[in-house]
Amino acid sequence: MSDYQKILNKIQDNVQPFFGKGKVADYIPELSSISGDKFGMALLTTKGELYQVGDAEENFSIQSISKIFFLTMALNQIGSKIWQRVGREPSGSQFNSLIQLEHEEGIPRNPFINSGALVIVDMLCSLYEGPKLNLLNYIRKLCLNPNIEINDQVSISERMTGHRNASLACFLKSYHNLENEVDHVLDVYFNGCAIEMNSIDLCKSLLFLANKGKQPDTENICLTYRNTKKVNSLMMTCGLYNEVGDFAWRVGLPGKSGVGGGIVAVLPGKYITTVWSPELNKNGNSFVGIKALELLTTYSRKSIF
């Protein structure tokens, strides 16, 4: 076995005492039924070497990890014009804060908080006649898996309980930072968050972030080098909401989390890794997932620092 496979096996053993210390997301009812003892982890190197452990082949709701795909799609189409409508600073507040958005007059702090993602989705709604299908096909193409789908039950559950997101969208509309109708933007956003993938497919779809914007096997350019650097830097400073500082201190990698329990992390030039464990900490990030990534960089002695 390679060193990475040995490390993943060791991580799976050593995170066992941390189960039961978090709580599965229950504010989206459809997610509350997921067993909290799930654990999957995959690591894909820029050389194409794949390592996995546990439930790495089980699909889960990617939730806010989808914001990476929203952003990369928009960057490829309209580039730096994005930053006229959304900032690039850490929020220091909850990911769905209304107070911060009102205080800053409808300009979200960054594209990885909910209000910022809604603005990016609004851009996609203006760019594409069918943004939901375009997003889905974009992800399918990146991971070479035509079977990636939206979980309709999760999407409906989010729509029925997403009152704060609806409030954020209305705030943005009142400040003229949404061009499209609120309901249309919310529909695309909820469907994007309800996409289901497994840890391996997420690694495949985002490997270009570890390889200067290129897919290593085909050398296809998914994102320019400059924009790849920008996405990774935003993940480092904004990817785990108001836990980014602690995550940088403990893990030392750019990352992006979702309340489905997934976290994607990148070591540029080396690998991308995805960990999934549904129990969340008080900040809405996977409790066991963060510990697993901390152990990964500790055992491998590799991080960006």
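Buried, for a residue, means under 20% relative accessible area, with exposed over 50% and partly exposed in between, using a 1.4 Å probe and protein chains only. Keep that in mind for the rings I will go through.

This is a predicted model, where local features need pLDDT of at least 70, side-chain atom pairs count only at pLDDT 80 or more, and totals for chains, interfaces and linings use all residues. Residues are numbered from 1 along each chain as its sequence is written, and side-chain values use heavy atoms, leaving out hydrogens and water.

Now the rings. Rings of Phe, Tyr and Trp (its six-membered ring) pair if their centres lie within 6.5 Å; planes under 30 degrees apart count as stacked, over 60 as edge-to-face, and the rest as tilted. There are six aromatic pairs in the structure.

One of them is Phe19 with Phe39, edge-to-face, at 6.5 Å centre to centre and 90 degrees between the planes. Phe19 sits in the loop between α1 (3–14) and β1 (23–24), and Phe39 in the loop between β1 and β2 (40–45), so the pair ties together parts 20 residues apart in sequence. Helices (H or I, at least four residues) and strands (E, at least two) are DSSP runs, numbered from the N terminus. Phe19 is buried at 19%, and Phe39 is buried at 4%.

Next, Phe70 and Tyr189 form a tilted pair, 6.3 Å centre to centre with 40 degrees between the planes. Phe70 is in helix α2 (residues 66–78) and Tyr189 in helix α8 (residues 182–193), so this pair links parts 119 residues apart in sequence. Phe70 is buried at 1% relative accessibility, and Tyr189 is buried at 2%.

Last, Tyr4, Tyr51 and Tyr271 form one aromatic cluster.
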